[in-house]
Amino acid sequence: MSAPALDAAPVLTVAEVYAGYGRGDIVKGVDLVVGAGEIVTVIGPNGAGKSTLIKTIAGVVRPRAGTISIGGRVVSGLRASQIARSGMAYVPQEANVFRTLTVLENLEMGAWVLPERVRERLDLVFAHFPVLRQRRGVAAGNLSGGQRQMVALGMALMVDPKVLLLDEPSAGLSPKLVGEMFEIIANVNRAGVAVLMIEQNAVRALEMSSRGYVLAAGQVRLSDAADRLLANAEVGELYLGARD
Amino acid sequence: MTVYLVSMLTYVGFFMILALALNLQWGMTGMVNFGIAGFYALGAYTSSLLTVDAGWPFVAGVSAAGAVGLIAGIGVSFLSVRLRDDFLAIVTLGFAELVRLVALNEDWLTRGPRGLPIDVRPLSDVFDRDGYGWFYLGIVMLTVAVAFLIFERLRRSPYGRVMKAIREDDVVAATLGKDVLRVRVQVFALGSMFMGIAGALYAHYTQNISPEHFTPTVAIFIWMSVIAGGAGNNKGLLIGAGMVMTLLEGTRFLGDAISFLDAEKLASIRIIVIGVLLILVIRFRPRGILPEEKFDGARFGAGRDAANGGGNP
Amino acid sequence: MLQILFNSLLNGAIIAPPAIAFTLMFAILRFPNFAIGAYITVGAFAILYFNDMLGWPLVAATLAGMAVTAAIVWLTDAIVFRPMRHLPSVTMLVVSIALSLILENIVRLLFGGDVRGFDIPLMRPVKLPGLRFTWEQLNIVGIAALATLAMHGLLKYTKLGKAMRATADNFTLAEVRGIGTARVITATWLIGGALAGLSGLMAGLDLVIEPLLGWYLTIPVFAAAILGGIGSPMGAVLGAVCVGLAEELTAEFLAPTYKVGVGFVIIAVLLLFRPQGLFGQPEIKK
């Protein structure tokens with residue numbers, strides 16, 4: 001299944017990647033592209049391998065075959081800590097903040113690979129999330145779930161990434177916060193950051209995306225423009241079931 | 001020379017019983033027990049005190065030792081088997097040390113560090129000295145055989161499959177409806193019962209016990225035996241126990257050859273050698289030194305895959 | 001009463017630095033390192049070597065001893081633990097127990113099993129109503145307080161310290177965010193070794209120097225760290241004082257021999273009922 005032609009140069013290319021834990025493969029030959037400034041959403045049923053896929057791209061899981069490139073530079077096989085310097089920032093779904101560190105310290109940790117621009121990036125992150133500026137001395141473990149998600153996303157933004165990898169950014173958030181979170185993602189994207197996200201909230205995610213991939217049983221079943229996926233009745237029935 | 005060999009084999013026998021029991025608990029059911037010396041000591045002191053102080057006959061003493069081992073095992077496992085592996089190791093080690101401390105401190109009962117002399121032996125007037133050695137060896141080996149048979153039968157039975165399921169993934173086993181806690185306590189207690197029996201047999205053989213016979217080093221030696229033989233492998237660990245004992249005794253001969261090493265230094269070297277070997281085996285042959293007879297999924301080597309329920313390495 | 005409190009502080013002072021080391025090692029390297037006691041023994045004998053055999057003054061000997069201990073501890077990681085990092089933590093525990101026995105017996109081989117003491121001038125104890133102490137003991141408490149402050153400063157205000165805290169908090173996330181976890185690990189071993197060495201000084205001053213020195217401290221150190229909550233260095237210090245108090249009370253109301261056993265009881269109770277201790281993150285049960 002080849003990806004539809006992009007207007008812009010790809011900032012992230014995933015080519016024929018296989019990955020898994022233990023014996024079998026969970027991701028079985030996935031091709032995926034994200035263009036500069038795009039928002040791309042991956043949807044699919046539980047157990048399809050979406051989380052494993054994104055972890056593999058982020059370098060947390062080692063791909064068994066295939067290549068992953070960022071802006072033309074191959075990063076597959078690099079350790080996660082090296083990938084952090086490549087222009088890609090990954091936000092895990094769970095355990096995505098340092099709970100015993102303060103908000104400010106968390107964000108400082110986020111800028112570890114970019115220490116010279118900490119001040120500037122902090123201002124930007126606080127602009128996106130004003131409440132974090134207020135609570136910057138609070139330990140992340142004492143924040144509400146929504147605020148923690150902000151810290152997690154904020155940390156990723158500290159490195160001025162070219163592409164964000166988001167694993168279920170709306171998970172565990174109240175409906176109001178979900179809307180806010182998506183709005184912030186849209187804002188970040190408007191500033192030029194590409195986004196690849198997995199979302200159970202498939203409809204809302206696709207509504208703000210340019211393209212989408214449907215992943216099932218470790219393989220890409222469908223790849224199309226987001227609005228066409230939304231209009232696709234079969235997709236709607238199988239994968240876009242109300243899931244709030 | 002034969003007398004020496006008979007004696008050495010008897011000591012190997014004690015190791016074998018302990019190793020078989022540990023294998024039941026860990027190799028077959030996945031419970032990390034570092035408190036071997038505790039059950040061993042409980043059995044030794046129980047039988048000794050009952051026979052020496054209370055005049056019980058040998059067989060009654062040994063049986064009581066087994067019973068005490070069983071009850072202690074129930075207690076320890078009931079409290080702690082839900083702990084994750086490394087903490088279970090520490091807690092069981094703590095149990096063993098507490099037993100040793102009580103033995104050390106309550107010397108009004110146990111004679112403490114002075115040692116408790118035991119002169120009760122079965123049929124001691126029937127055999128002469130050499131003959132008695134063979135006789136006692138026979139008793140010990142009989143016990144080894146009984147333990148071996150029971151544990152092997154258990155392993156091949158449906159109960160044994162439950163044990164294995166628990167070892168592999170207790171969460172899955174629980175969802176399949178197996179009463180995980182009950183099986184664990186039962187298995188642990190069965191193992192600790194035999195450890196207690198071994199302790200009693202040990203006490204009546206060496207005829208003098210003191211708390212320093214029951215230090216954590218015992219646990220290291222037994223773990224070494226089980227690991228060397230391959231976890232889960234009952235035949236293997238018998239050979240493993242033999243190997244460990246040969247190593248220990250071998251260094252004794254080394255001492256004779258190299259005269260400037262006194263007994264103390266030798267003891268230190270012995271422990272260093274065993275320690276280094278243990279680390280080497282874990283590093284290079286975690287499945288055991290012997291060739292695998294059957295793939296039993298030794299747990300010391302590969303890490304457990306949390307994400308992938310099936311297919312252990 | 002006052003004496004019990006002072007003794008508790010003293011006990012706690014000796015185990016506080018290694019408890020900090022242990023809790024950081026546990027959180028960052030993700031296994032309980034049983035060799036911590038042996039590291040203390042190594043520290044005590046290293047200092048003894050410089051002080052008693054080379055004749056150095058105690059301060060210089062201590063600094064040298066701490067450096068040597070840090071180096072040896074780092075070496076044990078390079079040779080023993082590092083090749084096995086992917087193995088489950090219970091395996092690492094067993095390896096660390098073996099290592100502990102090896103180190104203790106190497107010390108025994110090199111120095112013999114006799115009881116030793118540092119080469120320092122004898123000083124008369126100070127006797128106040130209800131309280132009796134020696135200047136060494138006071139120094140020990142002071143040193144421990146300083147070390148705690150220093151560690152606090154390091155962890156809170158330096159880049160390395162923050163990286164260590166982050167790595168201790170969430171190793172994978174630290175990697176993902178690009179924090180050099182390899183450097184953090186190296187620092188953990190070196191700092192841990194230095195802290196163990198320092199404890200060797202204090203233990204050697206207050207107790208007797210013999211190969212089993214560290215062994216008796218291992219479990220109290222464990223208990224202190226677990227009580228404080230794994231990953232919380234300041235919690236470990238608080239835990240150390242509590243364990244010290246428990247030991248004193250046991251010695252006072254039960255029997256001195258059981259002092260060593262208190263640690264085990266504390267550990268067992270904690271692991272069964274509140275494994276995260278005071279300040280730790282709950283995730284220790286299976």
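Visitor: How are helices and strands defined and numbered here?
Guide: Helices (H or I, at least four residues) and strands (E, at least two) are taken as DSSP runs, and their numbering goes from the N terminus. This is a predicted model, in which local features need pLDDT of at least 70 and side-chain atom pairs count only at pLDDT 80 or more, whereas totals for chains, interfaces and linings use all residues. Residues are numbered from 1 along each chain as its sequence is written, while chains are lettered from A and ligands numbered from 1 in the order in which they are written.

Visitor: In which helix is the place of Ala165(B)?
Guide: The helix belongs to chain B and covers residues 158-168. Ala165(B) therefore has its place in helix α7.

Visitor: Does Ala165(B) count as buried, exposed or partly exposed?
Guide: A residue is buried if 20 or more other C-beta atoms, placed from the backbone, lie within 10 Å of its own, exposed if 12 or fewer do, and partly exposed in between. Because Ala165(B) has 19 C-beta neighbours inside 10 Å, Ala165(B) counts as partly exposed.

Visitor: Why is chain C as compact as a globular protein of that length?
Guide: Chain C holds eleven helices and two strands. The globule rule (2.2 Å times the number of residues to the power 0.38) is set against the radius of gyration, taken over C-alpha atoms. For 286 residues the rule gives 19 Å, and chain C is as compact as such a protein because its radius of gyration is close to that, at 18 Å.

Visitor: Which element gives the largest share of the side of chain C that touches chain B?
Guide: With contact meaning C-beta atoms, placed from the backbone, within 7 Å, 38 residues of chain C are in contact with 35 residues of chain B. The elements giving two or more residues to that side of chain C are α4 (89-111) and α11 (259-273). The largest share, 15 residues, comes from α4(C).

Visitor: Which strands of the open sheet in chain A stand at the edges?
Guide: Four strands of chain A form the open sheet in the order β2-β1-β4-β5, with antiparallel pairing, where two strands pair if DSSP finds at least two bridges between them. Each edge strand has a single partner strand, so one side of each is left without a neighbour in the sheet, and these strands are β2 (27-35) and β5 (73-74).

Visitor: What is the bridge partner of Leu12(A) in β2(A)?
Guide: Strand β1 (residues 10-19) of chain A runs antiparallel to β2(A), and seven bridges join the two. In β2(A), Leu12(A) has as its bridge partner Val34(A).

How values were computed. Contact = placed C-beta atoms within 7 Å.
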